[in-house]
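Hello,

I am passing a structure on to you, and my notes follow below it. Please have a look whenever you have a moment.

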Amino acid sequence: MKKPSSRALFARLFGASAKGISVEKSVLAGYARAGGAEVCVIGTCDGTYIDNAAALRLAAHVIDCIEHHPKVPIVMLVDSAGQEPNRVAEMLGLASYFGHLLSCLELARRKGHTLITLATGQAVGGAFLCYGMFADRIYALESASVGLMPVEAMSAVTKIPVPVLRKLSKTMPSLEFGAKPFALLGGVEEVWATKDDVQATLAKAIANATTEDNRAALGKKRGGRKLALDIRKKVLAAAAR
């Protein structure tokens, strides 16, 4: 199946108001409407890599939203192959740029902005961590490829052969890429089918969002992370003594 263009996807999500979203070097920012209400939109498209400049542009738009559009929900669209694999970007402090973006998003949350992520294509590694995973609720299209590290990269770090990791991924959702495996872990609230009315579904997701972190509970309920919730409860109980 041919992947729809970014503009076609924006139109499905935001209708005619999608014209308020600008795209520059596969980094998007703007304002649109969902469920009749204004939303701030940031993100990436076309499977681009996120570099220092991209992180700054996303952060700048979040700051603009905080300053000029109080408490307007922020919708983060993710389609990125990861952080820029570039030594210069790293030497310039790419992690610090990501930290700045995350700090801006945390400020937005504290100022009353709901944060919603929708993985529309690739949602991989540092590019997912630096904004998409920071949302109050994370959703994904069923065609999205969601994961933190490809097995090839895991193999390079752990020295475990790729065939062994691929075999393990059959029974360990944390090693498998895709929207549904990540949903089993509790990292994705819901997976949206291509045939869904995604515009109405997005509006409902924004209206129902809370800041309560339910990911460990979802992971336990769905069988993808059976111990995380209990361990967290024990740690919190011990810390409260």
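To begin with a definition: the axes used below are lines fitted to C-alpha atoms, for helices over the stretch in contact, and angles run from 0 to 180 degrees between N-to-C directions. Helices (H or I, at least four residues) and strands (E, at least two) are DSSP runs, numbered from the N terminus. Please keep in mind that this is a predicted model, in which local features need pLDDT of at least 70 and side-chain atom pairs count only at pLDDT 80 or more, while totals for chains, interfaces and linings use all residues. Residues are numbered from 1 along each chain as its sequence is written, and side-chain values use heavy atoms, with hydrogens and water left out.

Helix packing

Two packed helices are described by the angle between their axes and the distance between the axes. Helix 6 (residues 151-158) packs with helix 7 (residues 162-169) at an angle of about 125°, and their axes are 9 Å apart. Helix 6 and helix 7 are therefore oblique to each other; angles under 35 degrees count as roughly parallel, over 145 as roughly antiparallel, 65 to 115 as roughly perpendicular and the rest as oblique. The crossing of helix 6 past helix 7 is right-handed (a crossing is right-handed if the near helix is turned clockwise from the far one by less than a right angle, and left-handed if anticlockwise). On the helix 6 side the contact is made by Val151, Glu152, Met154 and Ser155, and on the helix 7 side by Val162, Leu165 and Arg166. Contact means heavy atoms within 4.5 Å.

Ser155, in helix 6, counts as buried at 14% relative accessibility. For accessibility, buried means under 20% relative accessible area, exposed over 50%, and partly exposed in between (1.4 Å probe, protein chains only). Leaving aside neighbours within four places in sequence, Ser155 is in contact with Ile160, Pro161, Val162 and Leu165.

Helix 1 (residues 6-14) and helix 9 (residues 198-208) pack at an angle of about 60°, with 6 Å between their axes. That makes helix 1 oblique to helix 9 as well. Here Ala11, Arg12, Leu13 and Phe14 of helix 1 meet Val198, Gln199 and Leu202 of helix 9.

Ser6 also belongs to helix 1 and is buried, with a relative accessible area of 18%. With neighbours within four places in sequence left aside, Ser6 is in contact with Cys45 and Asp46. The C-alpha atoms of Ser6 and Ser145 are separated by 16 Å, and these residues are 139 apart along the chain.

Aromatic rings

How many aromatic pairs does a search of the whole structure find? There are two. Rings of Phe, Tyr and Trp (its six-membered ring) pair if their centres lie within 6.5 Å; planes under 30 degrees apart count as stacked, over 60 as edge-to-face and the rest as tilted. The rings of Phe128 and Phe182 have centres 6.0 Å apart and planes at 55°, so this pair is tilted. The pair links distant parts of the chain, with Phe128 in helix 5 (residues 125-129) and Phe182 in helix 8 (residues 179-184), 54 residues apart. Phe128 and Phe182 are both buried.

There is also a charge over a ring: Arg109 lies over the face of Phe134, at 4.7 Å from the ring centre. The criterion is NZ of Lys or CZ of Arg within 6 Å of the ring centre and within 35 degrees of the ring normal.

Loops

Lys25 is not a glycine, yet has a positive phi of about 55°. Lys25 is placed in the loop between strand 1 (21-24) and strand 2 (27-34) and counts as exposed at 75% relative accessibility. Lys71, another residue other than glycine, has a positive phi near 65°. Lys71 sits in the loop between helix 2 (52-68) and strand 5 (74-83) and is exposed, with a relative accessible area of 59%.

Met149, in the loop between strand 8 (145-147) and helix 6, is partly exposed, with a relative accessible area of 33%.

Glu142 lies in the loop between strand 7 (137-141) and strand 8 and is partly exposed, at a relative accessible area of 39%. Residues up to four places away in sequence aside, Glu142 touches Ala179, Val191, Trp192, Ala193 and Thr194.

Best wishes
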